[in-house]
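Trainee: May we go through this protein fold together, step by step?
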Amino acid sequence: EMACKYVVNGDKVVVTGRRENLLNELKEKFPDGIIASCFDVRENQNQEKIQQLIDQLGGLDLLIYNAGYGDPSKELSWEIENTTTKTNVNGFVEIVSYAFNYFIKQGYGQIAITSSVAAVRGNSWAPAYSASKAFMCNYAEGLNIKARRLKKDIVVTDIRPGFINTKMAKGNKQFWVVSKEKAAVQMIRAIEKKKRVAYITRRWWLIAQMMKLMPYHMYRRIV
């Protein structure tokens, strides 16, 4: 959805993902506006692939890391925990660190990451998911500090969504679910404003604060 809005705005866009059929649909819809590449962030040598796409695009101003995985892991499934960590931590660091170093050489640029409100505290139903999203938040903050110390015009925007109406939204007690169209608009707005942290939608900031302040003996009863 964000890719579509950027293309309509006249931007040159590269879209990557694992589902080639969805990439082809985007390519058919915007044959002159989108470059599509099918690969998995859990695989090796993704930095080389990213550089090839940058060369094909003719440069890079903004990288959005939206790859993510998370499933309930009631029985602490190794498969779920491993896939979550490889996607939300290993793949994330490989690609985002490469983009950051690219922007260091360039002197400017922006990275946007999709973390989650779930990053605020641990969760017994999806331990690796909440922990990996917390990792992303802390990594983004560290890169913002690093860019400032290096005196480079680089911003890392940490986007923390609540429930968005996609396949990633799991659980029986969903509330304040927002459409992907509305979420995309707010995400793009946060990126354009170069915000360091943005909650999608903004009301999820309230939930995040409540989670932070809730005593452990109360919090453990609900997660």
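Mentor: The questions that follow concern a predicted model.

Trainee: Which residue stands opposite V15 in β2?
Mentor: Strand β1 covers residues 13–17 and strand β2 covers residues 34–38. The two pair in the parallel sense over five bridges. Within this pairing, the residue opposite V15 is A36.

Trainee: Which strands are the edges of the open sheet?
Mentor: Four strands form this sheet, with parallel pairing, in the order β3-β4-β5-β6. An edge strand here pairs on one side only.

Trainee: Which residue in β6 is the bridge partner of P161?
Mentor: Strands β5 and β6 pair in the parallel sense over four bridges. P161 has its bridge partner in β6, and that partner is I200.

Trainee: What angle does the direction of α5 make with that of β5?
Mentor: Helix α5 packs on the sheet and touches β3, β4 and β5. Its direction makes an angle with that of β5 of about 160°.

Trainee: Which element gives the most residues to the largest nonpolar core?
Mentor: This core has 26 residues, and Y65, I111 and I113 have the most contacts inside it. Elements that give two or more residues include α3, β4 and α5. The element that gives the most, with eight residues, is α4.

Terms used: Residues are numbered from 1 along each chain as its sequence is written. This is a predicted model: local features need pLDDT of at least 70, side-chain atom pairs count only at pLDDT 80 or more; totals for chains, interfaces and linings use all residues. Side-chain values use heavy atoms; hydrogens and water are left out. Two strands pair if DSSP finds at least two bridges between them. A nonpolar core is a set of buried Ala, Val, Leu, Ile, Met, Phe, Trp, Tyr and Cys residues joined through side-chain atoms within 4.5 Å. Buried means under 20% relative accessible area, exposed over 50%, partly exposed in between (1.4 Å probe, protein chains only). Contact means heavy atoms within 4.5 Å. Axes are lines fitted to C-alpha atoms, for helices over the stretch in contact, and angles run from 0 to 180 degrees between N-to-C directions.
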